[in-house]
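Hi,

Here is the structure I promised to pass on. Have a look, and then read my notes below.

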Amino acid sequence: MPSALGDQRRRQTRIPRVVTSDSEDDVLTHYLTVAADIVVAAPTPDPVIPNPAPVAPDGLGELGNLFIGWMKWILVVGGVGGLLACGIMMAVGRRNRSSFAADGAAGIPWVLGGLTLGAVAALIVGAVM
């Protein structure tokens with residue numbers, strides 16, 4: 001039987017709240033304003049500096065495209081295999097091996113993340129270049 005003192009302590013336990021004062025808000029606002037001013041005042045690149053587009057050396061353009069095509073094929077095969085492996089782990093781990101099933105379910109976002117990154121790789125490189 002629980003004691004009355006234990007019940008009273010549980011009722012008195014409170015979760016501390018973070019309260020910011022007006023001066024802390026003012027400091028944060030000041031620093032954000034200064035950071036925005038620094039970003040706006042950043043120098044623009046000199047337009048005289050040349051920035052040519054990438055050009056493949058003679059005879060290597062087709063080889064590069066072939067290699068990228070192979071990499072995409074490996075990505076697709078790996079993605080299908082990864083999702084199949086996750087499904088097998090979930091099906092096998094359903095009974096009396098729940099951690100095995102959980103590992104299979106936890107692998108799904110990683111496989112989908114890898115497939116997504118592979119799908120948008122050319123877009124990301126094009127945006128950076």
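Ala102 counts as partly exposed because its relative accessibility is 42%; buried means under 20% relative accessible area, exposed over 50%, and partly exposed in between, with a 1.4 Å probe and protein chains only. Ala102 lies in helix H4, and its C-alpha atom is separated by 8.3 Å from that of Met89, 13 residues apart along the chain.

Before going on, this is a predicted model, where local features need pLDDT of at least 70 and side-chain atom pairs count only at pLDDT 80 or more, while totals for chains, interfaces and linings use all residues. Residues are numbered from 1 along each chain as its sequence is written, and side-chain values use heavy atoms, with hydrogens and water left out.

The protein chain has five helices and zero strands (DSSP runs numbered from the N terminus: helices are H or I with at least four residues, strands E with at least two). Of its 129 residues, 6% are buried.

The largest pocket holds about 260 Å³ of space. Helices H3, H4 (98-119) and H5 (121-128) each give two or more residues to its lining, and H3 gives the most, with six. A pocket here is an open set of points on a 1 Å grid over the protein atoms alone, where a 1.4 Å probe fits, with protein on both sides within 12 Å along at least five of seven lines; lining residues have an atom within 4 Å of a point. The volume is the space filled by probe spheres set on the points, which are joined across faces, edges and corners. Among the lining residues are Phe67, Met71, Lys72, Gly118 and Ala122.

Met71 turns up again elsewhere. It sits in helix H3 (residues 61-92) and counts as partly exposed because its relative accessibility is 45%.

Cheers
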